[in-house]
Amino acid sequence: MLKKIKVEDVAPGMYIQELCGSWMEHPFWRTRFLLDDPKDLETLRNSSIREVWINTAKGRDLEGAREAVMEAEREADVQASLEAAATVERHQEPVSTAEELERAVTICRKSRQAMTSIFGEARMGRAVDTELARKVVEEITDSVTRNSRALVSLTRLKNADDYTYMHSVAVCALMVALGRELGLEEVELMAAGEAGLMHDIGKAAMPLEVLNKPGKLTDEEFAVMKRHPSEGHRILQAADEALHPITLDVCLHHHEKMDGSGYPEGLTDEQISLFAKMGAVCDVYDAITSNRPYKAGWDPGESIRKMAEWADGHFDPKVFQAFVKSLGIYPVGSLVRMASGRIGVVVDQSDGTLLKPVVKIFYSTSSGCRIPPKIVDLSAPHHQEAIAGREDPAAWPFPDLDELWSGLPVGAW
Ligand SMILES: [Fe+2]
Ligand SMILES: [Fe+2]
């Protein structure tokens with residue numbers, strides 16, 4: 001029996017079936033759980049959530065005379081909230097990168113918690129919570145629609161421990177940004193996002209010592225890791241509700257290459273779907289730009305350049321071109337040298353040309369010193385500054401580079 005009750009009436013031992021209100025305001029990443037920790041109850045009471053659905057078959061019932069809405073009415077309530085969700089505008093109005101970055105910090109945190117939970121459950125052999133995955137995808141899609149640069153730039157900043165979870169979030173955001181560039185419809189866009197989020201779920205079936213091994217894998221270990229697409233496909237087929245067919249396809253085929261040298265099936269060009277081709281590009285970009293226990297991530301601009309070199313045979317050229325268009329030739333966070341000899345970091349793209357982003361200039365090579373940071377839009381008319389080339393961040397003493405472009409303090413992400 002499901003009952004809708006007020007948060008004041010929630011007691012330890014109750015099974016929370018659903019929290020009413022926006023997922024972003026939920027204090028938990030789980031959508032349904034047994035409330036057995038008094039701390040969770042306190043967290044719930046201190047949140048903005050006012051009502052919850054409890055499942056009395058799985059936990060304690062409501063005692064006392066307070067009124068509760070019964071199951072039959074829940075249907076009507078769910079229907080009403082679905083209609084409200086469809087009519088209430090999702091927050092998709094365009095905003096600046098700086099503004100979206102602030103919101104993206106929360107989205108990253110909540111998505112990381114959700115993915116930690118989804119991977120943890122899968123590792124224990126439990127079904128994937130598709131509703132939770134869908135909520136994550138919706139938040140990410142809305143963020144990328146408001147601003148295509150903020151979340152994809154922020155998700156690059158992951159640390160070694162949360163790589164698998166944040167990689168899923170990053171590939172989701174990159175898939176949505178790329179899908180928008182390719183002109184996909186909303187439904188396909190959400191499917192592309194879901195595919196990005198779930199593409200590596202098969203890693204939950206990999207032995208931890210292989211998955212988390214610092215350094216190069218042996219041939220044997222690599223053979224084990226190569227099973228993650230088919231293991232993932234199996235896990236997704238057993239999800240609690242059917243996932244989009246695109247999600248299953250991308251999960252199984254994101255390591256296929258155009259020339260047939262990929263795995264698990266060695267498919268070639270026309271045999272690989274558009275979505276799996278998108279998955280391949282987004283997956284590689286995030287993997288090479290991320291910090292790993294055995295190597296620091298590459299600069300975003302340098303990664304785009306390297307990928308262009310490998311593109312032949314690996315990626316679909318049209319998909320790769322759209323990817324570069326969605327991120328820029330110098331994506332946000334790229335270190336660049338100006339023709340004037342000054343050094344800056346890309347903070348945003350401009351509407352005009354891919355070669356003229358917005359740069360925060362902060363270092364003078366002629367004096368060898370930091371200079372007061374100045375933001376310059378290279379696409380502005382009559383501008384004299386131009387990018388002379390990329391710079392390798394490893395060759396420079398700029399430990400605060402990520403704070404410089406994001407405007408966020410250390411540890412905010
Ligand atoms: Fe993978
Ligand atoms: Fe991946």
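I looked up the bridge partner of Val358 and found Asp377 in β8. The model is predicted; I therefore kept to local features with pLDDT of at least 70 and to side-chain atom pairs at pLDDT 80 or more, while totals for chains, interfaces and linings use all residues. I number residues from 1 along each chain as its sequence is written, letter chains from A and number ligands from 1 in the order in which they are written, and take side-chain values over heavy atoms, with hydrogens and water left out.

**Open sheet**

I next examined the strands that hold this pair. Strand β7 (residues 358–364) pairs with β8 in the antiparallel sense, over six bridges. I count two strands as paired if DSSP finds at least two bridges between them. Helices (H or I, at least four residues) and strands (E, at least two) are DSSP runs, numbered from the N terminus.

I then traced the whole sheet: five strands in the order β8-β7-β6-β5-β9, open, with antiparallel pairing. The edges are β8 (369–377) and β9 (387–390); each has a single partner strand, so one side of each is left without a neighbour in the sheet. Neighbouring strands here are turned by 30 degrees against each other on average, direction ignored. For such angles, axes are lines fitted to C-alpha atoms, for helices over the stretch in contact, and values run from 0 to 180 degrees between N-to-C directions.

**Strand β2**

I turned to β2 (residues 15–19) and noted that four of its five residues are buried. Buried means under 20% relative accessible area, exposed over 50%, and partly exposed in between (1.4 Å probe, protein chains only). β2 pairs with strand β3 (residues 33–34) in the antiparallel sense over two bridges, and Phe33 of β3 is the bridge partner of Ile16. β2 also pairs with strand β4 (residues 51–55), again antiparallel, over three bridges. Within β4, Trp53 stands opposite Glu18.

**Whole protein**

I recorded 15 helices and nine strands in the protein. The C-alpha atoms fill a box of roughly 80 × 50 × 40 Å along the principal axes. Buried residues make up 51% of the 413.

Of the contacts (heavy atoms within 4.5 Å) with a separation of 6 or more, I found that 66% join residues 24 or more positions apart.
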